[in-house]
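Trainee: I would like to learn how to read salt bridges in a model. Where do we begin?

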Amino acid sequence: MAALSVLLLLALLAWGGPAEGQKRKEMVLSEKVNQLMEWASKRSVIRMNGDKFRRLVKAPPRNYSVIVMFTALQPHRQCVVCKQADEEYQILANSWRYSSAFTNKVFFAMVDFDEGSDVFQMLNMNSAPTFINFPAKGKPKRGDTYELQVRGFAAEQLARWVADRTDVNIRVIRPPSYAGPLMLGLLLAVVAGLVYLRGSNLDFLYNKTGWAFAALCFVLAMTSGQMWNHIRGPPYAHKNPHTGQVNYIHGSSQAQFVAETHIVLLFNGGVTLGMVLLHEAATSDMDVGKRKIMCIAGIGLVVLFFSWLLSVFRSKYHGYPYRYGFA
């Protein structure tokens, strides 16, 4: 009889154990979600230290994804890229938080090195900024780490990556910028002022040199990749965290730094100036001596800057066999 009672007790425990465990799991999950929702209602990007990260991001149970930016925003870290990436990240998180489609499916968080250095050590992370998606189920895979050097840190690019990893589509809404209308208004004011001052003499509007210079500036800006910078939002340069070496030229043909576009613009401008000098030397009415000097200067500028421009091309397209002048 006693043995039968023991068997019945064990059967009851075996029957109630899984159910009790499931109930406890649901309670823990509910507490996590409620806590994250409360923090998200106050701040779109939740700041986390080591304890919060381990409890809410790493530890199960979890039915939500967490996008985490690992960064170093303190002034003594001197991470300019971190500040630029943080601005775009805040725009993305705000776009999601104040969207009508906002749910508890995705949360945005941040771990600063000075507040969670133990998290950096736990993940063997030695660079910032870094974006990682911690999915609702399982551990992060290779695609859950954002390719910052390739895609840049613009909010729109981050939103596409989030949609790819979580199936949550975020429409990025940027705060209004008055810089464009102000510049347009200033330009119109300058033109109106010139028209007023010159009166009926509007010959300056037919000045070929002025229009050619404006068109040349526009072409140089576009061919150097300024529009790509505006769309992708790449970092200005890259500093190697191990050696401290700063790279201004991206090693891949699929990406670029802002500094790289400035360098290419300068090189293209040098080549263009050399060609203009050669043209003037061939067509101007100056004396022969000055024309020879202009010709030599033009050839020198073309050779020098075109050689440097080709060197940049070779450094991005590895295996390119040709070079001009010097490497």
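**Reading the salt bridges**

Mentor: Glutamate 38 and lysine 42 both belong to helix α1 (residues 2-42), 4 residues apart, about one turn of the helix. Their side chains form a salt bridge, with the closest N and O atoms 3.8 Å apart. Keep in mind that this is a predicted model.

Trainee: What cut-off puts that pair in the count?

Mentor: The nitrogen must lie within 4 Å of a carboxyl oxygen. By this rule there are 10 salt bridges.

Trainee: Is lysine 42 buried or exposed?

Mentor: Lysine 42 is exposed, at 66% relative accessibility. Glutamate 38 is partly exposed, at 41%.

Trainee: Which residue forms a salt bridge with glutamate 115?

Mentor: Arginine 47, with the closest N and O atoms 3.0 Å apart. Now check where each partner sits. Glutamate 115 is in the loop between β3 (106-112) and α4 (117-122), and arginine 47 is in strand β1 (residues 45-47), so the pair ties together parts 68 residues apart in sequence. Glutamate 115 is partly exposed at 37%. Arginine 47 is partly exposed at 27%.

Trainee: Where do aspartate 114 and arginine 77 lie?

Mentor: First, the contact: their side chains meet in a salt bridge, 2.9 Å from N to O. Aspartate 114 lies in the loop between β3 and α4, and arginine 77 in the loop between β2 (65-71) and α3 (80-97), so this pair ties together parts 37 residues apart in sequence. Aspartate 114 is partly exposed at 34%. Arginine 77 is partly exposed at 36%.

Trainee: Which residues are linked in a network?

Mentor: Asp51, Arg54 and Asp118 are joined by a network of salt bridges.

Definitions and conventions
Residues are numbered from 1 along each chain as its sequence is written. This is a predicted model: local features need pLDDT of at least 70, side-chain atom pairs count only at pLDDT 80 or more; totals for chains, interfaces and linings use all residues. Side-chain values use heavy atoms; hydrogens and water are left out. Helices (H or I, at least four residues) and strands (E, at least two) are DSSP runs, numbered from the N terminus. Buried means under 20% relative accessible area, exposed over 50%, partly exposed in between (1.4 Å probe, protein chains only).
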